[in-house]
Amino acid sequence: MSGPVTPASAAHELDPQIAEALRTVEVKADLRAPSAAPPVTDPLVRDDIAPLRGRSLPIRLYQGPRDDCVIVFFHGGGFVKGDLDSHDLQARMLCEVTGRPVVSVQYRLAPEHRFPGAYEDAVDSVRWVHEHAGTLFDGAAARIAVAGSSAGANLALGAALALASSPSAPVAQLLVCPFASGDSTLPSRTEFAEGYGLTSRAVEWFIEAYVSDPAQRQDPRFAPVLSENLGVLPPTVLFSAGLDPLRDDARVLSKRLRASGVHVLASEEPTLPHGYFKYAGLSEAAKGAVVRMNTAFRDLLDDLRADVACSEGELK
């Protein structure tokens, strides 16, 4: 599986519906416009607690109709903000479109919990969900995929790297507008420094709130694109925004994943800003991108399921 990265519009033309929202309203991350996605009925959604070593994390479980894989989802928010409610719509859409159960994780936030706190929460929660998948979702297979947006994509990627070659290794990952490097010299940090929602100044503020030592910016647990072991990662769906100070994080990550032999389907949405997931209820362009993103991930999981079924049939 592979695919080209769509280049951003040279004119930097922001989707007009999102541009209007940025000018006139404060758009919250939990927009719930009815057109954004078919709702997951409440009986299929419940809150729980993941008892990890030395701490417990709130989680929200979304029951999907298929049981071959459980998706562990990490919200965005620059490691500083966000919770189960702020990204409820994203988790619901992921569950609806892929058909798979989703576990949304409320990891510890900075500055109260600095690096590597959120990273450790991601690794331990993926391992815990793998060990308890059948109990959490009544017989679901102990196969895990990971997904995340922005800082959450960073955590999903970090967990996949940490758990590679272990029984808890994710079989696939969905990365949306990933924060992958922390490199402030990338061209998109200047090109889209302001005027498109997330600013480069805000990115730096989030980083400074999360890391306690500038040297940590070179730690692969913080900047996973720097890992020398990217080749151990599973097949990846990577969606990014063309009008995003983190655009080049995604471009560099996609290039290095492919160079390491990882199967990548990448798409860069040319008229959309960072975090377009949350604009799906306002913008047809954002809604279309979100549907394509989740559909691509569903198709990847379907292909992997077929491969497993074929392998099991050959063993019988």
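Biologist: So helices here are DSSP runs of H or I, at least four residues, and strands are runs of E, at least two, numbered from the N terminus. What kind of model is this?

Modeller: It's a predicted one, where local features need pLDDT of at least 70 and side-chain atom pairs 80 or more, while totals for chains, interfaces and linings use all residues. Residues count from 1 along each chain as its sequence is written, and side-chain values use heavy atoms, with hydrogens and water left out.

Biologist: OK, what does helix α3 span between its end C-alpha atoms?

Modeller: Only 24 Å for residues 117–136. A straight helix of 20 residues would span 28 Å at 1.5 Å a residue (that 1.5 Å is multiplied by one less than the number of residues).

Biologist: Where does α3 bend?

Modeller: At His130, by about 45 degrees (the angle between axes fitted to the seven residues ending there and the seven starting there).

Biologist: Why is α3 called largely enclosed?

Modeller: Because 14 of its 20 residues are buried, meaning under 20% relative accessible area with a 1.4 Å probe, protein chains only.

Biologist: And what follows α3?

Modeller: Asp138, with a positive phi near 50 degrees.

Biologist: Switching to the sheet: what's the strand order?

Modeller: β1-β2-β4-β3-β5-β6-β7-β8, an open sheet of eight strands with mixed pairing (a pair needs at least two DSSP bridges). At the edges, β1 (45–52) and β8 (264–273) each pair on one side only.

Biologist: How do β3 and β5 run?

Modeller: Parallel: five bridges join β3 (residues 70–74) to β5 (residues 144–149).

Biologist: Which β5 residue is opposite Ile71?

Modeller: Ala145.

Terms used. Buried means under 20% relative accessible area, exposed over 50%, partly exposed in between (1.4 Å probe, protein chains only).
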